[in-house]
Amino acid sequence: MLEGLYSAAAGMAAQQLQLDAVSNDLANINTDGYKSERVGFNDLLYNKVNQAGTETTAGSGAEARILGRSQGQGALKETGNPLDLAIEGDGYFQVTDSAGKVALTRDGAFGVNASGEITNSEGDRLSPQIKLPAGVTASDLRISSDGTVMAGQKKLGKIELVNVTAPDKLATEGGGLLTPTAASGGPHAASGQVHQGALEDSNVDVGKDMATMMTAERAFQMSSTAVQTESQMMAIANQLRS
């Protein structure tokens, strides 16, 4: 009887993870460059059961885990802002915070700080660093698809897009930032192109996520009902013993 209780509880935990992932996706539907989470399910351990001379197997429920993030391209929206940059294809921008830590991001909403350095909305500097000379403003910049940054006829630097071997294994740092891990591999050159004057929308599919949420809620309710039923059966069994 306890096996049924454990299986139902495992199902509730699995569906709760699915609901958390979908909720996070829907909360970030307007976050530039956001990639939706992918959740996978697998069976837990099966045990052999021999009752009345008949051998069968009893499962221990299901388990859910975050597999990573979808790498699908989000729609591009034109903004006209010269420092709004979108990536077409694979790759990430590199930024460096004040402590020297490098992170990756698909959010290309950049600006210029008081020192003339190109930074993201959190103040992290674009890496490799690009600094505007005195008298040059963001409206003077022309950024080609290969990332070359020009101000008139003068080259100020190049935005280098990078990728990792296993993007699903990047660690989430918040604020749209990701950091490489041992499982993801280190950054290497990417084949994507830079699109100036545009931003990449999140790749969240609202219709799909809403359907997934309803399915997960119903499965959670079913597992919850199973827990209640198992509890009632255990109470009846205890009464019979007494």
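We'll start with the whole protein and then stop at a few residues.

**Before you click**

This is a predicted model, in which local features need pLDDT of at least 70 and side-chain atom pairs count only at pLDDT 80 or more, while totals for chains, interfaces and linings use all residues. Residues are numbered from 1 along each chain as its sequence is written, and side-chain values use heavy atoms, with hydrogens and water left out.

**The whole thing**

Switch to cartoon view and you'll find 20 strands and two helices.

Of the 242 residues, 35% are buried. Buried means under 20% relative accessible area, exposed means over 50%, and partly exposed is in between (1.4 Å probe, protein chains only).

**Stop 1: Ser191**

Select Ser191, in the loop between strand S18 (188-189) and strand S19 (193-196). Is Ser191 buried or exposed? Ser191 counts as exposed because its relative accessible area is 62%. Show the side chains of Ser191 and Asp90, and you'll see a polar contact of 2.5 Å joining them. (A polar contact is a pair of N or O atoms within 3.5 Å; within protein, one must be able to donate a hydrogen and the other to accept it, and residues adjacent in sequence count only if both atoms are side-chain atoms.)

**Stop 2: Val194**

Move along to Val194, which sits in strand S19. Val194 is buried, because its relative accessibility is 5%. Which residues does Val194 contact, leaving aside neighbours within four places in sequence? They are Leu85, Ala86, Ile143, Ser144, Ser145, Gly147 and Leu161, where contact means heavy atoms within 4.5 Å. Try the distance tool on Leu85: its C-alpha atom is 6.5 Å from that of Val194, although the two are 109 residues apart along the chain.

**Stop 3**

Jump to Thr96 in strand S7 (residues 93-96). Thr96 is buried, because its relative accessible area is 13%. Beyond its neighbours within four places in sequence, its contacts include Asp124, Arg125 and Ser127. Follow Ser127 to Pro128: the peptide bond from one to the other is cis, with omega near 0°. Pro128 itself is in the loop between strand S11 (125-127) and strand S12 (141-143).

**Last stop: Pro180**

Finally, pick Pro180, in the loop between strand S17 (177-179) and S18. Pro180 is partly exposed, because its relative accessible area is 31%. Leave aside neighbours within four places in sequence, and Pro180 touches Leu104, Leu170, Gly185 and Pro187. Now select Ala198 too: it is 18 residues from Pro180 along the chain, and their C-alpha atoms are 26 Å apart.

Conventions
Helix = DSSP H or I, 4+ residues; strand = E, 2+ residues; numbered from the N terminus.
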